[in-house]
Amino acid sequence: MDNLRVINRYGYLSISIFGALFLLSLLFEIYEYFFGLLFLASIFIYRNPERMVEVSDDKAIFSPVDGKIISIKRTIYAGDEYLEVSIRNHLCDCGVLRSVANLKIDEIKKKNGLNLFSSSDAKNLLSNRVAYICSFINKKIVIKICSGVISRKIHYKNAKELKAGARIGFIVDGKVSVLLPVDTTLKISTGDKIKACDLIGFLGEYNGK
């Protein structure tokens, strides 16, 4: 079931802790502003805005997270060639993860590692990471999620099928890469700021506007 509350459920514990510290600071009149800011920051980080996909085309592919596109390149994964779109999600960006299309989940791979982010693919192999291997219109799409320096954990949803735009997890910060078929028509460029559910492109050649 999708999480429709204003605050993401993965943040309940952190917000409760900072809220309790803030109340104690008010009670003992110690560092009230400091703990108040921490409490407000935790609410901001774990915000859970509603997002809707605005393109009804069955071949449309959408952004999985808020952030900045840091690279678009060809890459090899499990012996197959893909077009990889990487999005850097910072602490100030909303960390809700969403499905990029109507997907059938073939496999979910998880690798425990360090809370580490780097522009180097080799160093990112040391990070906590989760990969969704998915089928989409008889082709493969992979969603790779790597934790950042601040993230303690990658929250992700176990499912067999996902609808476009559905919530699939949460990260505080990190990198999310979408591996797409090489014939994907992209509608974005490196350096673009993007939000979850914004259009990335279309599977195959696209002649529309």
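## Pairings of strand S5

Strands S5 (residues 103-111) and S9 (residues 161-162) are joined by two bridges and run antiparallel. Strands here are DSSP runs of E with at least two residues, numbered from the N terminus, and two strands count as paired if DSSP finds at least two bridges between them. Leu-103 has Leu-162 of S9 as its bridge partner.

S5 also pairs with strand S6 (residues 129-136), in the antiparallel sense and over seven bridges. Within this pairing, Val-130 of S6 stands opposite Lys-110.

## Basis of the model

This is a predicted model, in which local features need pLDDT of at least 70 and side-chain atom pairs count only at pLDDT 80 or more, while totals for chains, interfaces and linings use all residues. Residues are numbered from 1 along each chain as its sequence is written, and side-chain values use heavy atoms, with hydrogens and water left out.

## The sheet S4-S10-S8

Three strands in the order S4-S10-S8 make up an open sheet with antiparallel pairing. Its edge strands, S4 (96-98) and S8 (155-156), each pair on one side only.

Two bridges link S8 to strand S10 (residues 167-170), and the two run antiparallel. His-155 has Phe-170 of S10 as its bridge partner.

## Pairings of strand S14

Strand S14 (residues 199-202) pairs with strand S1 (residues 60-62) in the antiparallel sense over three bridges. Here the bridge partner of Phe-62 is Leu-199 of S14.

S14 is also joined to strand S12 (residues 185-186) by two bridges, again antiparallel. In this case Thr-185 has Phe-202 of S14 as its bridge partner.

Notes: Helix = DSSP H or I, 4+ residues; strand = E, 2+ residues; numbered from the N terminus.
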